[in-house]
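Here's a quick briefing on how some pieces of this fold pack and pair. Take a look at the model, then read on.

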Amino acid sequence: MSKVINLKRGLNIRLKGVAEKVLENAGSSARYALKPADFPGLVPKLTIKVDQEVKAGEPLFFDKYNPEILFTSPVSGKVVAVNRGERRKILEVIVEADGKGDSATFKKADPQSLSVAGIKEQLLSSGMWPFIKQRPYGVFAKPADTPGNIFISCFDTAPLAPDYDFILKNEIASFQTGINALAKLTNGKIYLGLPAGGTSIFANIKNVETVQFAGPHPAGNVGIQIHHISSLNKGDLAWTIKPQEVVFIGRLFETGKVDFSKTIVLSGSEVKSPRYLKTILGAGIPSLVNGKTKQKTNERIISGNVLTGTKVTADNYLGFFHDQITVIPEGDEYEFMGWADPGLGKFSASKTYISKLFPKKEYVINANMHGSERAFVLSGQYEKYLPMDILPVYLLKSILANDIDKMEQLGIYEVIEEDFALCEYVCTSKIEVQKILRQGINTMIKELG
């Protein structure tokens, strides 16, 4: 029986719009895109030109400082646009699908029979490598490194998050093949984080060690799991990857072709019938949400979850690492005497509102911040929601002071934005906690590498 770790601190945000366990085909998207902004630290260099024909798995761009790391097209078709921002920064590379489903050809093999170098070459050339992130810093892993351990969280506790047991119930063989490939890349272990209680389709996976976690969000965050299984100190290195991305790797070795088809969850209070959708990596948002939302209010479409996702327009594209789209009210209407509202219909992380008396009720929550940024004071508030043995406010203040030694001492090697997202949600000072944390991480990368 696997070890069970009970976490007391955290918070489950009970949003309306939980998806039914119903799977539909989202239909084909006319266009697909890769967005370099999805990859912290990436400096993209194009390998293609507009109007060039590409197959799925052929490179669109690479990292300037790690040219062996390729970012490949999710579909076959024609490159129709390279959208740029300030200083000609590449924002999107857009491919118009031709519907043929052609893929570049790679080696079909049992990964257990391949060398480490052979597996790395396959992952790099096919565009699978960017799915592997390293801790510290949450950037893509470097192929020359060997991690101490690899961690995979097989459940997600974020608001309205997908159920990976449901998504991957028919993909468990490909998941095992992906695990077999990843196992060759570390001298340590692959740890699977599972929810405590009940059964999971991942419980019988081989070449792994399972650890169960009980408790509220962020128990499903892989960074929280790393902290409680094998915390990171200076010089330590761990890799992480998400369950669906392990399946991508498994399919690659099983078929010799890339298959970036995935299942996402479309959820939120403004969705007519929240459910699971079959789509392809980088699909256009219109193919996923058009005709599926209530459109009674000004809506906010989020690629990802409400805590860490990215606000997108209706003509944008699904984020590279995102397995969900959430639609909530924007909350840009004026609330008359909101301060005097007893809050029967409002969710509260504290005991401010009467709604605290109804612990199972679900709520419609909008994106209104209800105030502007205030003084950043020491209140002990963050510590109630972060199940890690670090001092989050002191860490953030050391970042603002640009004190590298203090950042190291206070645990910056252990965290990325998603681990502090709940702190940002409950913050009475409205501090942009995740933005500050990434600022500190960028400082560490620049100064220490």
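There's an open sheet here of 3 strands in the order 4-6-7, with antiparallel pairing (strands are DSSP E runs of at least two residues, helices are H or I runs of at least four, both numbered from the N terminus; two strands pair if DSSP finds at least two bridges between them). Keep in mind that this is a predicted model: local features need pLDDT of at least 70, side-chain atom pairs count only at pLDDT 80 or more, and totals for chains, interfaces and linings use all residues. Residues are numbered from 1 along each chain as its sequence is written, and side-chain values use heavy atoms, leaving out hydrogens and water.

- Strand 4 (44-46) and strand 7 (66-72) are the edges, each pairing on one side only.
- On average, neighbouring strands are turned by 35° against each other, direction ignored.
- Strand 6 (residues 59-63) pairs with strand 7 over 4 bridges, in the antiparallel sense.
- Phenylalanine 61 has phenylalanine 71 in strand 7 as its bridge partner.

**The helix pair**
- Helix 7 (residues 392-400) and helix 10 (residues 433-448) have axes that come within 9 Å and cross at roughly 60° (axes are lines fitted to C-alpha atoms, for helices over the stretch in contact, and angles run from 0 to 180 degrees between N-to-C directions).
- The contact (heavy atoms within 4.5 Å) uses Leu396, Ile399 and Leu400 of helix 7, plus Val433, Ile436, Leu437, Gln439 and Gly440 of helix 10.
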